[in-house]
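Here's a quick briefing to go with the structure below.

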Amino acid sequence: MSDLRPLVIGEKIAELPIIQGGMGVGVSLGRLAGAVAKEGGVGIISTAQIGFYRDDFLGDVKGSNLRAIKEQIELAKNISGGKGLVGVNVMVALDDYKDHVRTAAESGADVVICGAGLPLDLPGLVAGTDAKIAPIVSSVRAARIIFKKWKTGYDRLPDFVVIEGPKAGGHLGFKLEELEEYCCMTGTCSTAEEAEIRNYDDEIKAIIEFVNESAAETGTNIPVVVAGGIFDHEDICHAMELGASGVQIASRFVATHECDASEAYKQAYLSAKEEDLRIIKSPVGMPGRAINNAFLEGLAEGSYKVTRCLKCLAKCNPAQIPYCITERLIMAVKGDVDNGLVFSGANSGRIEKIVSVHELMAELAGR
Ligand SMILES: Cc1cc2nc3c(=O)[nH]c(=O)nc-3n(C[C@H](O)[C@H](O)[C@H](O)COP(=O)(O)O)c2cc1C
């Protein structure tokens, strides 16, 4: 038995309030998401360049991605055996963001979570489906903008909200100065000068208060899920004490047998220590957190020429970017962890071994 309460999103219920965060490119596909759902959690497939494993990818990037979304949702649902929930993470910054959302919702995704930008038009994209939708926000300001736009434009509010803090992996919704204030430039946020450090818990509480007030005005319940650096059961309980109804965890799921990344990628996580984590600038236009390697060291010296453009991002000029993010993420997930980009959360240095999703979920649930 776990002391955690189920995550209730309207009529959709996950027995455990644990969402496995979407990880692109190809780190969280149907195998991982299905395994998490099978344990009663919420398994999330990242749609970012999801077709990269298919033979038709380079000839038809958009079509291949859309076919892969359907394929991976089906796979995850089959693995889950009807337990838990299966959903997708779609980056707003993607050129084909709208098509990814529509295809996922029409393919039976239980939930659609959108980050890396403000998903101002998300309600319209899932109209006619029963997919539950959530924006990822890192500030009260972003939450206010989205709520206002959805209320006036679509007369609805989010079904749930994901708050992503400065210790998360992948792209971060913060300016570099803010990450410094939260002391998240390297791995740790708990230093001797902690008292001097801006505490992200205050922002979490403010966002939850805003969401609860908005929900009360419309007579609804909007669960809030907290993400970024959550490592164990104690961290989950802490998030619940702040008022969250669930958590989203990503990095810990990389070190599972079921994670869709290569063995080399998982080993890079096991080898990484806190001091190996770096904040980088991404062509997406946001900072990101990744494990240091030859690629990042080379980047400090200059740029990597972009030789092929897959037109993955809505706003990207191949002539002006220091590297192609799609190319580097695909290299990494396939196993070239020296030359690829290995995204990671701030606490991955604490991961010691690869376990099954069943074992990890039991540990996180406090069983
Ligand atoms: C390898 C990796 C890839 C990620 N890719 C995405 C992504 O494509 N889209 C997104 O919204 N978040 C992405 N994230 C963020 C996670 O979904 C999650 O919210 C965050 O990492 C939680 O922090 P944690 O890793 O410390 O648990 C990624 C994180 C990691 C570690």
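Helices and strands here are DSSP runs numbered from the N terminus, with at least four residues (H or I) for a helix and at least two (E) for a strand. On that count, Val25 sits in the loop between strand 3 (18–20) and helix 1 (30–38). Bear in mind that this is a predicted model.

- As background, most residues other than glycine have a negative phi, and most peptide bonds are trans.
- Going from Gly24 to Val25, the peptide bond is cis, and its omega is near -5°.
- Gln49 isn't a glycine, yet its phi is positive, near 45°.
- You'll find Gln49 in the loop between strand 4 (42–46) and helix 2.

**Around the ligand**

- There are 25 residues around the ligand, and the ones that come nearest are Gly22, Glu164, Gly229, Gln248 and Ser251.
- Glu164 puts a polar side-chain atom 2.5 Å from a ligand oxygen atom.
- Ser251 also has a polar side-chain atom by a ligand oxygen atom, at 2.7 Å.
- How much of the ligand's accessible area does the protein cover? On its own the ligand has 600 Å², and the protein covers 96% of that.
- Strand 5 (85–91), strand 11 (246–249) and helix 10 (263–271) are the elements that give two or more residues each to the shell around the ligand.
- By residue type, that shell splits into 13 polar, ten nonpolar and two charged residues.

**Helix pairs**

- A quick reminder: two packed helices are described by the angle between their axes and the distance between the axes.
- Take helix 5 (residues 140–154) and helix 7 (residues 200–218): their axes come within 9 Å and cross at roughly 20°.
- Angles under 35 degrees count as roughly parallel, so helix 5 is roughly parallel to helix 7.
- The handedness of the crossing between helix 5 and helix 7 is right-handed.
- For helix 2 (residues 61–80) and helix 3 (residues 97–106), the axes come within 9 Å and the crossing angle is roughly 30°.
- That angle makes helix 2 roughly parallel to helix 3.
- Where helix 2 passes helix 3, the crossing is right-handed.

Note on methods:
Residues numbered from 1 in each chain as written. Predicted model: local features only at pLDDT ≥ 70, side-chain atom pairs only at ≥ 80, totals over all residues. Heavy atoms only, no water. Near = heavy atom within 4 Å. Polar contact = N/O pair within 3.5 Å; in protein donor to acceptor, adjacent residues only side chain to side chain. Areas by Shrake-Rupley, 256 points an atom, 1.4 Å probe, with all protein chains shown as cover. Nonpolar A, V, L, I, M, F, W, Y, C, P; charged D, E, K, R; others polar. Axes fitted to C-alpha atoms, helices over the stretch in contact; angles between N-to-C directions. Parallel < 35°, antiparallel > 145°, perpendicular 65-115°, else oblique. Left-handed = near helix turned anticlockwise from the far one by under 90°.
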